[in-house]
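Hello,

I am passing a structure on to you, and I hope you enjoy looking through it. Please open it below, and then read on for my notes.

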Amino acid sequence: MAEADRADGRVVSLDALRAALGRPAIWLSIVMFEIVVSIGPALAYFLWMSKATAHRYAPSSLLANLGETFRFDQREGLAALGDATGQMGAVLALLALLAGCFCAGGWLQVFLERTHGESVRRFFYGGARWFWRFVRVLPLTLLLLAASGWLVYGGPWNVLVLQFGFDVPATDYARLETLGSEQTVVVLQFVQSALYGLCVGLVLLWGDYTRTRLALHDTNSAIWSGLASAWTIARHPLRTLRPHLVLFLLEAFLVTGLGLFARSVESDLVRGGKPWTTAVLCAANLAALVWRVILRGARYHAAVQVSREIVRPIARPDPWKKTLGGPGGPRYPIGGDEYAVSM
Amino acid sequence: MRCILALVLLSVFVHAQNADDKPCRADYAIRARYEEDGRKLHGELTVRWTNESRDTVFDLWFHAYWNAFANSETTHMVGTGGTLRGGAVGDDEWGWQRILSVSVDDEDATSSLEWTSPDDQRPEDRTVFRVRLPQPARPGEVVSARVRWEARMPRLRRRTGYKDDFLFMAQWFPKLGVYESGNGWNCHQFHTSTEFFSNFGTYDVELDLPSEYQDHTGASGVQDGPTQGGRGRFSVRYAAPSDKDRERAERSGRSPLVHDFAWTADRHFVKYEDTFHYDEWAARFPDEVARVALALDRTQDEMRLRDVRVTVLLQPEHAVQGSRHFEATCTALFFYGLWWGEYPYEHITCVDPAWGGGAAGGMEYPTLFTAGTRMFTRTAMQQPESVTVHEAGHQFWYGLVANNEFEASWLDEGFNTFTQNDALWLRYGHSIATTNFANLPYDGVAIGRRPGGNALADALAGKKFELPWIGTLEPLRGSGFVDWWREQPLLTYGRQRTDPRESERSGYLLEPDADPIDMPAWLYCDSASYRSNSYRRTATALRSLQGLVGDARFLRGMRTYSDRWRYRHPYPQDFFNAFQEGAKADIGWYFESAFRSTATVDWRIAVEQKRVRPPRGFFPDTEGHWIERTPADAESAGDEDEDVADADVPTGTRWNTKVTVRRRGDLLLPLTLELNWDDGSSERMVWAREDQAHSTWWRPLDARAPTTRKLVSAKIDPDHRYAFDTDLTNNDWFEAVDRAAPLRWSERVFAQYLHGLHAWGGLGG
């Protein structure tokens, strides 16, 4: 494949997708993990609701809708349940963040080695190998996200856009009543939301390339790799962004399709469908999750491919440079007295 | 203070009028000129006041409502804590009214003008003034008063004022209070949580405005003649009611009148016009027409309502919602008209306030009301449908049956909330709950709570960090598109539907027993109590009243009240009397309990059901010897073991069933209990009020009387007649356990966490 073709986003993306799809053991392992951690809050909800409704509601009367009366009368129980699941969810979210670091290492190890077989073993080895280095990327990611939020929703936006652009006084930043119409407000908030979405997308992309670079060069400095990745993305925006954009669109396409299907199934439930449709909903969700996990793996494959092409290999000192002799045998310093070669 | 409170309460409780009393009448002719420079309004009015009371009157009392916005120390502003809509009033946002002169019957009475604060004696409050009449007005006499005033418009922070080019002028002219026989002038200050009260009459108003507003105005009544323009200004005349309406007699022989006048102008207004036709609506809801006709004992033809022209003045970005505002207005005109009597005017105007002028929204004036909407709403959200139906509905409760909104706000707000919910239900059904993503509403909500909730949890989830010196870091903030991607609502959200009638009870239960309903609005414990009692609790009480007396009698009672007090000013006792007469029900006890006490109630049911155990132990035989009976003997005798599965229970099995109903709370209402048995039979029994007075519990089924039938369900108040019950979770008992619903809703939580945690994982790698 020609170099130019290889850099083509579509080809890179399809290669990446094929590579990730071809490792079902890995993505099934990740999906299983995500299922297991998600069961906790769902189980808490199931147990609470089973207890709260036992003998008190006609069978199937709550299947279609949790009406206002139910929500209001059960508000204390629901609030306590919400608090508990929110806190449990926070711990699970932390676990998910760390698991994300682990999985990234696993995928990268598998795609960087260029060997085949024993994917799962290599995945876990890579996860463990790069884990702490990738954990160091995490606070940088969060900092960049916070900075994005500040740029788009904080002082810079308020001063540059609202104050200078629209004469909104500081006392009205929250309500924006100074503006002339709701349409103006909606457009501004739409732009804000789009900008923030773009920033988040770029930060996530930066994270992928930073981790890939750390693994590719086997270096330790997350900050240095992060700066270098940012520079690489800035220098090669099309080559770095395109494959990821294609993968994102693929993900969005299928997930939205499955979402629309799930929604129609849910509509059946609302209209008084059968309990088994819950299983269909669950299956649709799992299918979407599998697809998303595969595409996350594909993102790393794409990042590896692109990085190999545009990131210069790191210059390392050659350990054999001042010695003679190959690996496994005796080595002698060049110019030493002990060894000479006669022709 | 306590004495004043007791006096006010006493006067309210005993306030019932002679049904033959005529209210006084006030006919206004007003000219006003608005100048944008300084936001000034100059006005001159002549009011012809007819003393229909039995008293000789020595003075006239006026409201000057805009003075509530004159400074931070007025009764209104002190009540709000010095803020309006949560924000401090800007230096250039205050408003006031200055009375330049008053003359009565061509005699100058300006020197007798005196500002007064009848409710709280605050000298800083100048929302009420009085002038002495040169000659006392005897019963039947007419007094003509001429008032010149100037005013500075307040920034629209509460109901009235300006926002940029949008003007909404309510309570904008010095307006007479209401003179009541034996009680004198009823002219309260402008409190935070009170509305308005004034006499019926006619309004002829001429407005002089900058030309940019030409053809972009609206007002109570109808425009009277073409606009006259020139030199950058124009003038427009309005008549309320219209001349045609004034000449049109209703079936009762009365001619329509109004009791207030509001106007609006905005050069951005987009106009939507259409006509309400009764026949079209009657064809859409024939069952309802038949039901009401039957209940009121009238023919279908007698139910017929007049056609009404509807004008909707919309902001440009809401222009696509014109037909929805129209439909909602027609919903009110049709159902309210059907139930409580015809809307008697030829025209009605619905105003959509400008952005930033939302404080004018959701308010009613005769033949004109303000709604309030936003972009991207859908009909199923019932936004703006619910507010539009509510405010249009005030044309009946407040507009036609014009109670004193200061002293009995619940007589219009509560009645209107009740009717609005019925009308919404009949026309629109359930409303949907939505979640906003970048201002776009999505039909559904997250069922489970998202990760986080307190500082530690938020930090653990990487959502928010409170850091010393730096402040708050918020890596995962809410933002439309990102939220959508993170939450995947198509896959994870659940849909939520709400019967609008259910919101009455949940609203009432937010503050169920702070005050009785029947209280002056400004004396409620706080704004939460005002909202609960004036709106939701009254609606709850009416719905329970409907359950108590039945649909038809309820309709007759309410219709008797609305017919009798049309174009008049009823007080609570007038409602109680009229309703009982119309419904032919002696239920004074209900009104005392539901409207004049803080009593609440929670009924609950407990059921214990066991198979009859085989007798064990020693039993005497015929000769007096003790014979031991073992379970094996019992089985051979046809009794069964406890462990036998339900499906294997032989026929003829006997059951010990104990049903206990308990009551917590002092509200006593006759309570129905329904028992459903496994043989398909069903029975109902009633726990009478009288019995409840002697006991807080009732045991209709006792375990000491075994039965061969097995109870499959037991329900308190099976027809859901009473919305007062503070906890409905314990009203029903079912032998079967619902396993599908917990699974169905926990699946949503599972899906939510599945995709949410996947998104979180993406941040790590």
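In what order do the three strands of the open sheet in chain B lie? The order is 33-36-39, and the pairing is antiparallel. Please keep in mind as you read that this is a predicted model.

At the edges of this sheet are strand 33 (602-611) and strand 39 (697-701) of chain B, each of which pairs on one side only. On average, neighbouring strands here are turned by 20° against each other, direction ignored. Strand 36 of chain B, residues 655-664, is joined to strand 39 of chain B by three bridges in the antiparallel sense. As background, strands of a sheet pair through backbone hydrogen bonds.

Over in chain A, have a look at helix 6, which covers residues 119-153. With 35 residues, a straight helix would reach 51 Å at 1.5 Å a residue, but the end C-alpha atoms of helix 6 are only 43 Å apart. Helix 6 of chain A also has a kink of about 55°, centred on F131(A).

Now a word on confidence. The predictor gives the complex an ipTM of 0.91 and a pTM of 0.91. For chain B, the average pLDDT is 92, and 94% of the residues score at least 70. Residues 1-13 of chain B stay under 50, and the model has eight contacts for them beyond four places in sequence. Residues 636-645 of chain B are also below 50 in pLDDT, with twelve contacts in the model beyond near neighbours in sequence.

Best wishes

Conventions
Residues are numbered from 1 along each chain as its sequence is written. Chains are lettered from A and ligands numbered from 1 in the order in which they are written. This is a predicted model: local features need pLDDT of at least 70, side-chain atom pairs count only at pLDDT 80 or more; totals for chains, interfaces and linings use all residues. Helices (H or I, at least four residues) and strands (E, at least two) are DSSP runs, numbered from the N terminus. The expected span of a helix is 1.5 Å times one less than its number of residues. The bend at a residue is the angle between axes fitted to the seven residues ending there and the seven starting there. Two strands pair if DSSP finds at least two bridges between them. Axes are lines fitted to C-alpha atoms, for helices over the stretch in contact, and angles run from 0 to 180 degrees between N-to-C directions. pLDDT is the predictor's confidence in each residue, from 0 to 100. Two residues are in contact if their C-beta atoms, placed from the backbone, lie within 7 Å.
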